[in-house]
There are 2 protein chains.
Amino acid sequence: MAQGVFTFSPGPAVLPLPVLEQVKREVVALEGIGISPLEMSHRSAWFAQVLEQATENLRRLLRIPENYTVLFLQGGARLQFSMVPMNLLRGSKLPADYILTGSWGKKAVEEARREGQAHVAYDGQEHNYSRVPSAEELQLSPQAAYVHFTSNETIQGVQFHQWPEGNGPLVCDASSDFLSRPMPVERFGLIYACAQKNAGPAGVTVVILRNDLLERVPPGLHSMLDYRQHAKAGSLLNTAPVFACWVLMLVTRWLLEEIGSLEEMHRRNQAKAQLLYEVLDQYPDFYIGHAQPQSRSLMNVTFRLPSEELTREFLAQADSQGLKELKGHRSVGGVRASLYNAQPLEGVERLREFMLQFVKRHAPSRC
Amino acid sequence: MAQGVFTFSPGPAVLPLPVLEQVKREVVALEGIGISPLEMSHRSAWFAQVLEQATENLRRLLRIPENYTVLFLQGGARLQFSMVPMNLLRGSKLPADYILTGSWGKKAVEEARREGQAHVAYDGQEHNYSRVPSAEELQLSPQAAYVHFTSNETIQGVQFHQWPEGNGPLVCDASSDFLSRPMPVERFGLIYACAQKNAGPAGVTVVILRNDLLERVPPGLHSMLDYRQHAKAGSLLNTAPVFACWVLMLVTRWLLEEIGSLEEMHRRNQAKAQLLYEVLDQYPDFYIGHAQPQSRSLMNVTFRLPSEELTREFLAQADSQGLKELKGHRSVGGVRASLYNAQPLEGVERLREFMLQFVKRHAPSRC
């Protein structure tokens, strides 16, 4: 980004400036190679090293156990909504449990229904997807092909802060908080995440799966939809999105070398989100938060203003001050500030300051 | 690419230098916007314009009729191997005819068999996929759900120079010669092409389809595999590979503004390929071409040397002189020089010169 401009886009989202600067330096010709990363073959030694390094970085950051495979695929989380049930539910006598805490989980279960029995173990619709369920609220199957949940609902700004449990391998759509905090990978059967929030640009999706699940993949799947084939080919069943994988590798390297660990990243993300939630708590009738406090997302801070008109004015003024892409998802409206890993503290402070000034100008009686 | 370095990679492949230079200028912050194209939302006004411009450029270059839809998808041609039969063969009483002229066609028909009756109307295996068939050689079904062929087989270097005809909508995998020459789109039902040869970087795939085919799509397909849903959503069913689409738009703009037309591009591609095929014709016992003359590809010039040892030496020496990625595909060996649109004439001249010197040094008696 240019100086003084901050994007709060929910994804594709802000990337670390040192990564963008390295991309700029090398995008015409990689140092020592002379060819652009946009021109490099997916079968080149250079790209083999990119994939290996990206895998190694993810393994270190997330402490991924040896018996898990890391894949780099295309099609976004949305294709995973289909691949998960194709590979793990098709032909199974067991149901798959789905925990629905927002828009993406709802879309995921729709695809699962095409492949088998998809059981909704929890649906937060009645409270408008404003919180995650307690363990007692889950209506789990006694035995499930898998238990699916969405760790962070980007649209509603609702996040699990304790990992749920179920009666089958836990499958997590971690798209919008992947790499924002530690995850106990050993407790999951499969984790998937599109890159364009915390891990890189749009166009590559990470899948981390426990190897024994590959044995459950039914025969006859189309090659590109079959985890076994991707695993066997080391994510090179077809031409990988080379450039996107390279940027993902650079982002994971930045996490290791500049931030240090996901524990530290989590601490910083907590501090950034806190700056905005404090304002919501201070002016609860003006900045009306969507998520209930215990389920507030550290990634997407969602709120409404008292009127549509004020919301529009808020967005327009913010934009004119270089605070971009704050509009809430078209399905829920309001304001959404996405504070992914690469969101600089300065951007959040600028937004906080703007929010405080805006409320003073428009609702002085509340201040 | 750096000066003096040329990549003959079969894809991801060489891109126009002015495009790479624009990417370099704007990759940290788009001019007038201040946000990186790697950070831009797929729902932004900027990206809406990118997609619109890319579509418009393709429509102008290929003279795509109004009753065709242009889609930008993920998953490469390889996912199209599956999506074509899922959408157009599943549930059909008719067979789909497949014309096999090389490795990619063979892979395409394997996926089609999962969805219905895939009839091989021609298989060039007996002559090791060294040419395309004549019209008389095709064993077409009287009526076909569609007729599939691969306009250019990248691995074998075999290209159709006259479009085949069949008894059903013509479906073309144009991955490796898309935008290298004019195509009479009105004669096709569906054309698909991954971008990483002539159209952009890896990670985006173009599908051009005649609208009436959408009516044949069976119910119950997974959303991401359903052409209707992608068409309805204007290629924004999920997060598009924003950056790859932007580069594709820049490449198509370069074609329009720098080259002028596909007729002119074709002329230049013919001239470039001719420079190498002349050498093959001059030394047919030393540079042993794979493709028969009438089926020679303008995109991928494939040949062997008299021994494995000479091939290795050829590749090593070429590489040391900045002529990169000339190794033939691992399934056929030998040498492959890919001469896509953005391959500069200078690169081809350098390779021709190298070939002439190499044969003089290693087989002076033949000169």
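Predicted model: local features only at pLDDT ≥ 70, side-chain atom pairs only at ≥ 80, totals over all residues.
Reader: How many residues line the second largest pocket, and which lie nearest its centre?

Author: The search uses a 1 Å grid over the protein atoms alone: a cavity is a set of points where a 1.4 Å probe fits but cannot get out, a pocket is an open set with protein on both sides within 12 Å along at least five of seven lines, and lining residues have an atom within 4 Å of a point. Here the second largest pocket has 30 lining residues, and those nearest its centre are His42(A), Arg43(A), Pro10(B), His329(B) and Arg336(B). Its space comes to about 610 Å³, where a volume is the space filled by probe spheres set on the points, with grid points joined across faces, edges and corners. Helix 3 (residues 76–88) of chain B gives the most to this lining, with four residues; helices (H or I, at least four residues) and strands (E, at least two) are DSSP runs, numbered from the N terminus.

Reader: Which residues lie nearest the centre of the largest pocket?

Author: They are Pro10(A), Arg336(A), Ser41(B), His42(B) and Arg43(B), out of 47 residues that line the largest pocket, whose space is about 1100 Å³. Two or more residues each come from helix 3, helix 4 (103–112), helix 8 (308–320) and strand 13 (323–324) of chain A, together with helix 2 (45–62) of chain B. Helix 3 of chain A gives the most, with four residues, and the lining as a whole has 18 nonpolar, 18 polar and 11 charged residues.

Reader: How many residues of helix 3 of chain A are buried?

Author: Burial is read from relative accessible area (buried under 20%, exposed over 50%, partly exposed in between, with a 1.4 Å probe and protein chains only). Helix 3 of chain A is mostly covered, with 13 of its 13 residues buried. From first C-alpha to last, this helix reaches 18 Å, close to the 18 Å expected at 1.5 Å a residue, the expected span being 1.5 Å times one less than the number of residues.

Reader: How many cavities of 30 Å³ or more does a search of the whole structure find?

Author: The search finds seven, and the largest cavity holds about 120 Å³ of space. Of its 15 lining residues, Leu73(A), Gln74(A), Met224(A), His230(A) and Asn238(A) are the closest to its centre, while strand 2 (68–73) and helix 3 of chain A each supply at least two residues of the lining. That lining has 10 nonpolar, five polar and no charged residues. The second largest cavity, of about 100 Å³, is lined by 14 residues, and Ala202(A), Ala244(A), Ala202(B), Phe243(B) and Ala244(B) lie nearest its centre. Helix 6 (242–259) of chain A and helix 6 (242–259) of chain B each give two or more residues to this second lining, which divides into 12 nonpolar, two polar and no charged.

Reader: By what turn and what shift can chain A be laid on chain B?

Author: Two copies of a chain are related by a rotation about an axis and a shift along it. Here chain A can be laid on chain B by a turn of 180° and a shift of 0.0 Å along the axis, with an RMSD of 0.0 Å, which is the relation of a two-fold axis. In chain A, the C-alpha of Lys24(A) is nearest the axis, 2.6 Å from it. The superposition is by least squares on the C-alpha atoms of residues with pLDDT of at least 70 in both copies.

Conventions: Residues numbered from 1 in each chain as written. Chains lettered and ligands numbered in written order. Heavy atoms only, no water. Nonpolar A, V, L, I, M, F, W, Y, C, P; charged D, E, K, R; others polar.
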